[in-house]
Structures are given as structure tokens and as C-alpha cells.
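Please look at the sequence and the three-dimensional structure shown here before reading on. The paragraphs below are meant to be read with both in view.

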Amino acid sequence: MSVLKERLNQKIEEHRPRTRKLMQDYCDVVVDKVTVAQVIGGMRGLKSLVTDISYLDPLEGIRYRGYALPEVIQKLPKPPGAEMPYVEGLYFLLLTGDIPTESEVTEVVDEFRKRRILPRYVYEVIDAFPSFSPPMAIFSAAILTMQRESFFAKKYQGGISKSDYWDSTFEDSLNLLAKLPEVASYIYAKLYRDGKRIQSNPNLDMGANFAHMMGIPKPYDDVSRLNFIIHADHESGNVSAHTGHLVASTLSDIYLSVSAMINGLAGPLHGLANQEVLRWLQDLVEKMDGQVPTEGEMKQFVWDTLNSGQVIPGYGHAVLRKTDPRYTLQREFCQTHMKDDLLFQYTDLLYKVVPPILKEQGKAKNPWPNVDAQSGIIHWHYGITEYEFYTVLFGIGRSIGITANIIWDRALGYPLERPKSVTTEMLEKIALKASEASGGKKGKCKEL
Ligand SMILES: CC(C)(COP(=O)(O)OP(=O)(O)OC[C@H]1O[C@@H](n2cnc3c(N)ncnc32)[C@H](O)[C@@H]1OP(=O)(O)O)[C@@H](O)C(=O)NCCC(=O)NCCS
């Protein structure tokens, strides 16, 4: 058994009694109440999921296993000469809660390397797509097509104990994650490089190998590592994480679950926002004839977008209430490596003008930038100008967190997810009863 699997096994054994005790002794303790606004409004803020892999504090941002992102970057082992840590080391941290040693990371890097080879039919499936297909659709299908490789599905058919579900799910997860950079770079070569593909380099770690297959020199290896690490997880309730968890709760395997989560990530209010940012910025660059706008011109552009009924892409968040630390980390990278870049100058000017405007408009609960406001311009700077591909890059990272969560879901025996729905009439009756009980008092609800 590998060091990672052995440590994970030990952590699972330690953790199981905690979940069992909660379910046995405290099953009817109330955790949260549900309001009409939450039932109609996308269950916003409702505490109804559990994960120990990451936690999103509205003011502090994401923590992975208790570590803030700058700590994760600082503490995880790095390849020689690199600014950013091994992505494989992050997987060790997410799964076990422990910062791996150099030798532990080396072992995980080797595990990933051994599992990189793609079955031939995956290339054929990708090749068969029309060349105008959206990259996220091809990415999702390529993952789905590998479902026949699932160990979990085979073991389940053969009959295994519930307590062992996590083991084959772990194997599936490593197999899939190791292959995603190759899948993505092959899609890129097909769509935008006339099929000219660069073969994987067996001596490189996941981030560096991806940069190599994309044909982009240093420091894009560090960009890839940073990109995969910061996008890995954002607790359980966001659409991609929740979709992965929900689909996996039916005991669908990793391939089915990750393909489904990729489809959720492809929506413009979620992962697609990073490409929306680029589209929006390019529109302005064209209007400005390649010049940096003045503060006044930028404010006007932002107001024009809002007045035409659109959102400002890359700003706002369902949970965060401050600048996203993932934005800050990328901004620091830009300041070091590309501070004279035209789009970075636009992005920095936006950071100055958008929050006061969103506050003045008074609708967005969070006027600050999120991860998507900054990530696309970095890929653009290093030559990936096909911005519809950016969500695929997000998807590789997000798969890391989703699979870690699903392995733990299986280990702790989380059941099929099945919330209850009500009809509008039932809600009206509940509302009327509450109103009568309070003497006709109306809640503090916003005018619609
Ligand atoms: C991320 C996002 C989907 C969160 O949605 P949410 O939780 O419903 O956000 P809020 O509760 O703050 O929304 C309240 C209102 O502010 C508006 N709002 C939120 N963010 C906004 C933005 N960036 N620009 C303009 N208006 C915004 C909403 O559209 C909503 O308007 P409505 O009452 O007319 O429907 C939203 O902020 C958004 O659309 N941002 C732009 C897209 C983006 O960056 N997505 C990536 C997220 S990581």
C-alpha cells in the first residue's frame, strides 16, 4: 500500500467513530432553520452539508484542511527552483489533513506518473468531435467515456463491503486525475493547434508536465501549479462540488460524478465567468484602441455594463464578503511576472473602480473581486488566448477537490442525497400561518 493510501486508511479509521457518534447520539439536534427565501432562493447559506476538506469563511476566504491559501503555498513541498508547490502534494494534504514530507510527495508524484497513459479510445472520442465543439463539452465527454475503466463500478458489481467503497474510489480518483492534463492538452491541440500534440514528459510533475504539453515555457509550470491548487476546492455547497457529491451519492463512480460536475462548472454564473471576464475586457480593449483607459472611462464602461442589465464578471460571490484570496495570490504573481501587461493594467484599474460602483448600485452583497477576475489574463499573457478553454483549466483543478470529497463520502458512508420539496401552495400556507401567529407582521424582505 502506498504511503498516501496507508495514511488515508489510518485517518478514515480515526474519523469513523466521530461520524457514528454524531448520528447515534445527536441525530435530532437542530443545526439550522430554513426560511422561505432559502427554499425559493437556491438554499443560500443553509447549513446542510458536511466536509472536512475545506471551509469557506465569508471574510477570510477558503481554508484547505485548516490552512489559508498563502500557508498552503508556503508549507507544501516545491519542485527544485519552483515558486509554487507540487499539485500532488496538495492531494496528500486534502486527503489526509497532513502536510507531506518531500519523500511522501515524491511517492505521490510517482503514483500519478504511473497512471498517466490514456486509453487509445479517449483520443478517438476527442477526435470524433466537430472542431467547433465547446471544449467543456468535449472535456466532460472524454471523462465520461472512461467510465468503463472504473474499479469501483467493477468491484460493486462483484459485491464489496460498504466499508471498502473508498478503496476502489481512491484508485479511480488517482487514475482519473493523473490523466486529466493529457486529456485537456489533447483537446487544446485538436481545437486550436491543428492537432499538433506534444507528448507527455515522464520526468515532470503534474503542473510542469501540463505546461510542457501546452508548449508554454517557464514560468507557466508555476502558473499551472498555482491554477490547479487555488481552484481545487471551495467547500461543498458550490455547484460543481455539490454536483459531484450529489451524483456520487447514488454510488455512481468517479468518472460519472466528475463528468457531471464539469457540466455544472460550465455555467456562466460559475466557472465560465473567467472567460466572460476576458470577453468583456477584450471588448473594452477594442473600444480603447489598445490604450489603458482613464479612471473616468473605466467607470463609464462599468456603469454601461450594469445599465444594460449585465453583471460585472469576476465580481461578487455567493458566500465571500471580501476580496477573494485566490484573486490576491494571482495578483501577486502578476505583479512579479507581468506587471506591464496591458490586461493586468486594466484588471488593476477595475479593482479600483468596480467595488465602489457596486456598493453605490447597492445590489451585490459582495462588491469585491473573485478568483475569475484575475485567472484568465494570466493564461492570455502566456499565449492561451482561446478563452473558452479557461474553464477546462478550472475543471482540472476542481476535480482534485471533488474526488477527495467523494473518497471521504464513501469512507464515512454518507447516504443518497434526497432533500424534500414542497409546492408553492404549501409554502403559502406555511407563510400565512406564521404571519397569523405573529399578528400579521411582515418579515424584513427585499422589495421585488
Ligand atoms: C457570483 C454570483 C453568481 C453570486 O450570486 P448571488 O449569490 O446571487 O449574489 P448576490 O446575492 O450578491 O446577488 C444580489 C444581486 O446583486 C447582483 N449582483 C451580484 N454580483 C454582481 C455583479 N458582479 N455585477 C452586477 N450585479 C451583481 C445580482 O445579480 C443580484 O441582482 P438581482 O437582485 O437583480 O437578482 C454573482 O455575484 C455574479 O453573477 N457575479 C458575476 C459572475 C461571476 O463572477 N461568477 C463567478 C463566481 S466565483
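The model is predicted, so local features are given only where pLDDT is at least 70 and side-chain atom pairs only at pLDDT 80 or more, whereas totals for chains, interfaces and linings use all residues. Residues are numbered from 1 along each chain as its sequence is written, and side-chain values use heavy atoms, with hydrogens and water left out.

We begin with the ligand.

A polar backbone atom of A364 is 3.2 Å from a ligand oxygen atom. Taken alone, the ligand exposes 840 Å², of which the protein buries 77%. Accessible areas come from the Shrake-Rupley method with a 1.4 Å probe; for residues, only the protein chains shown count as cover.

We turn next to charged side chains. Side chains of opposite charge can pair when their charged atoms come close. A salt bridge is defined as a side-chain nitrogen of Lys or Arg within 4 Å of a carboxyl oxygen of Asp or Glu, and by this rule the count comes to 27. One of them joins R225 and D205, at 3.0 Å from N to O. This pair links distant parts of the chain, 20 residues apart: R225 belongs to helix 11 (residues 220–230), and D205 to the loop between helix 9 (165–192) and helix 10 (206–214). Helices (H or I, at least four residues) and strands (E, at least two) are DSSP runs, numbered from the N terminus. Both R225 and D205 are buried; buried means under 20% relative accessible area, exposed over 50%, and partly exposed in between (1.4 Å probe, protein chains only).

Another salt bridge, of 2.7 Å from N to O, is formed by E276 and R279. These residues are three apart in helix 14 (residues 273–287), and therefore about one helical turn separates them. E276 is partly exposed at 21% relative accessibility, and R279 is partly exposed at 44%. Salt bridges with shared partners also join K5, E111, K114, R115, D167 and E171 into one network.

The surface also carries a nonpolar patch made of V34, V36, V39, I40, V422 and M426, with about 520 Å² of accessible area together. Patches consist of residues with over 30% relative accessible area and no salt bridge, with like charges joined within 9 Å and nonpolar side chains (Val, Leu, Ile, Met, Phe, Trp, Tyr) within 5 Å. Helix 2 (residues 36–40) gives the most to this patch, with three residues.

Finally, consider the backbone. Most residues other than glycine have a negative phi, and most peptide bonds are trans. K218 and P219, however, are joined by a cis peptide bond, with omega about 0°. L251 has a positive phi, near 70°.

Technical notes: Polar contact = N/O pair within 3.5 Å; in protein donor to acceptor, adjacent residues only side chain to side chain.
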